[in-house]
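Please read it alongside the sequence and the structure displayed below.

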Amino acid sequence: MGNRLADSLSPYLRQHADNPVDWWEWGDAAFAEARRRDVPIFLSVGYAACHWCHVMAHESFEDEQVAAALAQGWVSIKVDREERPDVDAVYMLATQAMTGQGGWPMTVLITPDGEPFFAGTYLPKPQLMQLLDAAGTAWREDRERLTASATSIASQLAGIADPGRGALIEDEQVALAVHSLRKTFDDARAGFGGAPKFPPSMTLEHLLRHHARTDDADALAMAERTLEAMARGGIHDQLAGGFARYSVDADWVVPHFEKMLYDNTLLLRVYAHWARQTGSQLAARVAGSTADFLLRDLRTAEGGFASALDADTVIDGHSIEGATYVWTPAQLVEVLGEADGHRAAELLEVTPEGTFEEGASTLQLLTDPDDPAWWQDVRVRLLDTRAERPQPARDDKVVTSWNGLAIAALADAGVTLRRPELVEAARAAAQLVLDTHLIDGRLRRTSLAGRVGDAPAVLDDHGNLAEGLLALHRATGDTTWLTRAGEIIGLAIDAFHGEDGWHDTAHDGEALITRPRGRTDNAEPAGVSAIAGALLTHSALTGNTEHRSLAEEAVASQSRIITHDPRFAGWGLAVAEAMLTGPLQVAIVGEGEGGPLRQVAEACSSPGLVIVSGSPDAPGEPLLADRPLVEGRPAAYVCHGFVCDRPVTDPDELAAQLR
């Protein structure tokens with residue numbers, strides 16, 4: 001039967017529209033139904049590209065027996081974590097508190113008041129049926145004890161969710177964080193910790209910035225070794241560009257094949273920054289191919305960027321993870337011929353035994369080919385053949401936060417790689433989000449095919465979008481983007497900041513059992529670190545000291561994580577590096593796009609750098625006010641921490657001031 005999810009904006013919810021389970025979307029109507037029937041709620045949270053979400057769907061949610069058990073004693077609610085990160089955050093906190101771990105699919109049993117009394121992740125059908133039976137019996141026969149426990153759990157969550165205000169971050173704390181990261185660095189394989197290994201994109205950004213600020217060679221070495229290991233491993237799509245979600249092994253060989261927008265934007269930006277900082281050709285190549293992947297495979301018809309490519313490929317009605325991407329030696333020979341096939345197998349680590357399943361291998365590029373032209377020809381031929389295979393599904397929803405990350409990454413990469421089409425793609429995405437997601441002065445979280453959803457934007461949507469707009473301003477010199485970034489930051493301050501600091505949901509947002517305020521940079525920047533970075537950059541560009549104070553407060557709220565587990569404060573630490581640097585302001589007057597002064601400024605990798613260029617006293621550019629030409633010539637004005645050097649007209653003199 002069709003259910004209530006058929007008209008949902010979320011591709012994930014629509015995946016469940018034909019389940020026999022009588023699903024409801026999260027909302028007042030579902031809770032009212034639970035109270036009317038006097039039954040608890042079965043809450044299932046996942047996302048469209050999630051492999052184990054698909055497994056649980058096939059095993060349980062497409063099963064008539066499971067559907068009957070849920071219909072008899074429960075109201076079933078399905079939530080897309082990417083559409084409702086606030087709901088996901090609250091119940092993930094409960095899941096982690098109750099089980100010591102978390103993940104998706106997330107399964108939570110809650111009362112009609114929203115209080116959780118059981119939490120878990122993937123459950124095979126037999127375990128799920130046992131849970132529904134036991135929990136249903138407890139609800140009917142021992143409800144007082146069950147609800148008392150749920151109320152106690154909910155009250156404890158409020159205390160866990162409040163991290164306190166923290167202390168201002170000083171240079172010593174940042175240095176200790178780098179020292180702590182060194183202890184967990186994998187000297188043999190690069191990266192941090194063991195399997196599974198996730199791309200630590202924000203930590204790598206932090207390490208690059210730390211090296212730029214302090215000249216710490218160890219920080220640069222950890223970053224470069226990890227960036228190279230990922231680029232050469234199976235986690236990186238050696239044919240099409242882009243990165244998978246994580247590696248299931250410690251050697252970066254076998255990925256979990258879903259490709260997320262947020263991973264690829266963060267990685268694009270850090271590879272572009274690595275290229276700018278060191279001139280690495282590998283960095284430039286990977287940045288370029290990752291940008292190509294975004295534009296080719298994730299760009300929507302409206303000019304935004306889709307959320308993800310699925311981990312699975314559907315073949316003959318069965319979901320098979322990685323089927324699109326892996327190869328056997330025989331398949332390489334079939335496509336390339338005997339000689340080139342064997343040569344490619346050796347280059348790409350495709351063995352008779354295989355590195356994946358059933359004798360197939362992921363593709364690695366542990367060494368550069370000795371004949372780049374040959375490799376380019378082989379790559380194109382293999383990619384053309386791969387395109388004829390069944391392809392993974394794409395989650396087409398446009399998420400404000402992740403498009404903000406894409407705008408920033410493409411703008412930065414476009415400047416560094418001197419590819420103006422990347423900057424133009426960033427501009428188009430920015431215009432789409434502002435035109436479609438900003439409704440009656442409030443930002444929304446998602447859209448699909450130009451249709452905006454009802455879910456309100458959360459703090460990271462505002463912070464990452466503002467960050468992207470500021471990067472676009474730097475890349476284009478168009479003051480429109482600086483103005484619009486200031487507007488988004490103003491909305492964030494009004495809606496999410498109060499006497500007790502920053503929250504992830506708005507003051508007038510839906511009341512959940514606790515108001516989320518995440519402080520952990522995990523797969524993407526926490527809302528508080530996202531807004532901190534935008535506030536800091538905006539303050540440097542405009543001289544707004546209140547915004548700098550708010551940025552310092554936001555980073556301070558992460559001080560506990562920075563001190564005890566810096567792997568989960570990567571973006572907060574990256575912002576802290578910029579905060580400790582300056583700002584370093586460069587205002588260039590009278591020079592056209594791509595001029596020599598601008599090129600010198602763009603080559604600088606200082607984490608606190610902001611650059612503006614234009615005519616003297618250009619409207620909307622505070623840093624260009626009262627900055628004339630020097631003897632009729634283009635000039636650069638450099639200020640370190642609000643203390644300014646004399647203006648210079650010679651690129652070499654500018655380079656000396658930026659050292």
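Which salt bridge do the side chains of Glu421 and Arg419 form, and what is its N to O distance? The two side chains meet in a salt bridge at 2.7 Å, N to O. The model is predicted, and the points below are grouped by type of interaction.

**Salt bridges**

- Across the whole structure, a search finds 44 salt bridges.
- A network of salt bridges with shared partners joins Asp80, Glu82, Asp395 and Lys397.
- Arg182 and Asp218 form a salt bridge through their side chains (3.1 Å, N to O).
- This pair links distant parts of the chain, with Arg182 in helix H8 (residues 171-184) and Asp218 in helix H10 (residues 217-232), 36 residues apart.
- Arg182 is partly exposed, at a relative accessible area of 29%, and Asp218 is partly exposed, at 35%.
- A salt bridge also connects the side chains of Arg296 and Asp297 (3.1 Å, N to O); Arg296 is partly exposed at 43%, and Asp297 is partly exposed at 23%.

**Aromatic pairs**

- The structure contains 14 aromatic pairs.
- In one of them, the ring centres of Trp23 and Phe61 are 5.0 Å apart and the planes stand at 85 degrees, so the pair is edge-to-face.
- Trp23 belongs to strand E1 (residues 23-25) and Phe61 to helix H3 (residues 51-61), so the pair ties together parts that are 38 residues apart in sequence.
- Both Trp23 and Phe61 are buried.
- The rings of Tyr262 and Trp402 have centres 4.9 Å apart and planes at 65 degrees, so this pair is likewise edge-to-face.
- Tyr262 in helix H11 (residues 261-278) and Trp402 in helix H16 (residues 400-416) are 140 residues apart, and their pairing links distant parts of the chain.
- Tyr262 is buried at 1% relative accessibility, and Trp402 is buried with a relative accessible area of 1%.
- Ring pairs also join Trp23, Phe42 and Phe61 into a cluster.

**Charges over rings**

- Arg81 places its charged end over the ring of Tyr47, 4.3 Å from the ring centre.
- Arg209 lies over the face of Trp571, 5.2 Å from the ring centre.

**Surroundings of Thr324**

- Thr324 occupies the loop between strand E11 (318-321) and helix H13 (329-336), and counts as buried at 1% relative accessibility.
- The side chain of Thr324 makes a polar contact with that of Thr313 (2.7 Å).
- Beyond its neighbours within four places in sequence, Thr324 has contacts that include Arg386, Arg389 and Gln391.

Note on methods. Residues numbered from 1 in each chain as written. Predicted model: local features only at pLDDT ≥ 70, side-chain atom pairs only at ≥ 80, totals over all residues. Heavy atoms only, no water. Helix = DSSP H or I, 4+ residues; strand = E, 2+ residues; numbered from the N terminus. Buried < 20%, exposed > 50% of the residue type's maximum accessible area, 1.4 Å probe, protein only. Polar contact = N/O pair within 3.5 Å; in protein donor to acceptor, adjacent residues only side chain to side chain. Contact = heavy atoms within 4.5 Å. Phe/Tyr/Trp six-rings, centres within 6.5 Å; stacked < 30°, edge-to-face > 60°. Lys NZ or Arg CZ within 6 Å of the ring centre and 35° of its normal. Salt bridge = Lys/Arg side-chain N within 4 Å of Asp/Glu carboxyl O.
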